[in-house]
Amino acid sequence: ATHAQQSQAIGEGVHTATAGRKQSFSIMPKDAHGNFRGWPHDPMANDERHLDVFDATAVLLDIAAEGDVNFSVDVTYDAASRYFLGTYLPRTSGRYQLKIYHEAKGNSMHIRGSPFALDVLPGETFAQE
């Protein structure tokens, strides 16, 4: 079974992003012993790894910001790599907390290292005429 405290998030999108640009990261599901749950790469009978549920959200830490600046992350299973892929599009720059959870048996638990410090840098600006 997948174990939240052993599963890892990897990639640049765990720590940095640019406002207005899509960013991503991968989640490596691991068992309680720290073994990658994607092995073997050959299809297995009754393989249920794709049924794992990971969820992620980002919360802006700057309380002075106005509007809906928090954002959710779309997490999908990639059968080819046996990883989960998280993608998001931040609209507002600032310092966020990226929270990544594994859900099992009705409980949501942070994966290893979560919540992560996520810096969303300002994107390109456009002057109006």
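Visitor: How many salt bridges does a search of the whole structure find?
Guide: Searching the whole structure turns up two salt bridges. A salt bridge here is a side-chain nitrogen of Lys or Arg within 4 Å of a carboxyl oxygen of Asp or Glu. Keep in mind that this is a predicted model, where local features need pLDDT of at least 70 and side-chain atom pairs count only at pLDDT 80 or more, while totals for chains, interfaces and linings use all residues. Residues are numbered from 1 along each chain as its sequence is written, and side-chain values use heavy atoms, with hydrogens and water left out.

Visitor: Okay, which residue does R21 pair with?
Guide: R21 pairs with E124, and their closest N and O atoms are 3.3 Å apart. R21 sits in the loop between β2 (16-18) and β3 (23-28), and E124 in the segment after β9 (116-121), so this pair ties together parts that are 103 residues apart in sequence. Strands are DSSP runs of E, at least two residues long, numbered from the N terminus.

Visitor: Is E124 buried or exposed?
Guide: E124 is exposed, at 59% relative accessible area, whereas R21 is partly exposed at 45%. The cut-offs are under 20% for buried and over 50% for exposed, with partly exposed in between (1.4 Å probe, protein chains only).

Visitor: And what does D119 form a salt bridge with?
Guide: That one is R95, with the closest N and O atoms 2.5 Å apart. D119 is in strand β9 and R95 in strand β7 (residues 94-104), so the pair links parts 24 residues apart in sequence.

Visitor: Switching topic: how many helices and strands are there?
Guide: There are zero helices and nine strands. A helix would be a DSSP run of H or I with at least four residues.

Visitor: What about the inside? Which residues have the most contacts in the largest nonpolar core?
Guide: Those are F25, V73, Y96, L98, I100 and L118, in a core of 23 residues. β4 (53-60) gives the most to this core, with four residues. A nonpolar core is a set of buried Ala, Val, Leu, Ile, Met, Phe, Trp, Tyr and Cys residues joined through side-chain atoms within 4.5 Å.

Visitor: Which residues does L98 touch?
Guide: Leaving out residues up to four places away in sequence, L98 touches several, including F25, V73, F116 and L118. Contact means heavy atoms within 4.5 Å.
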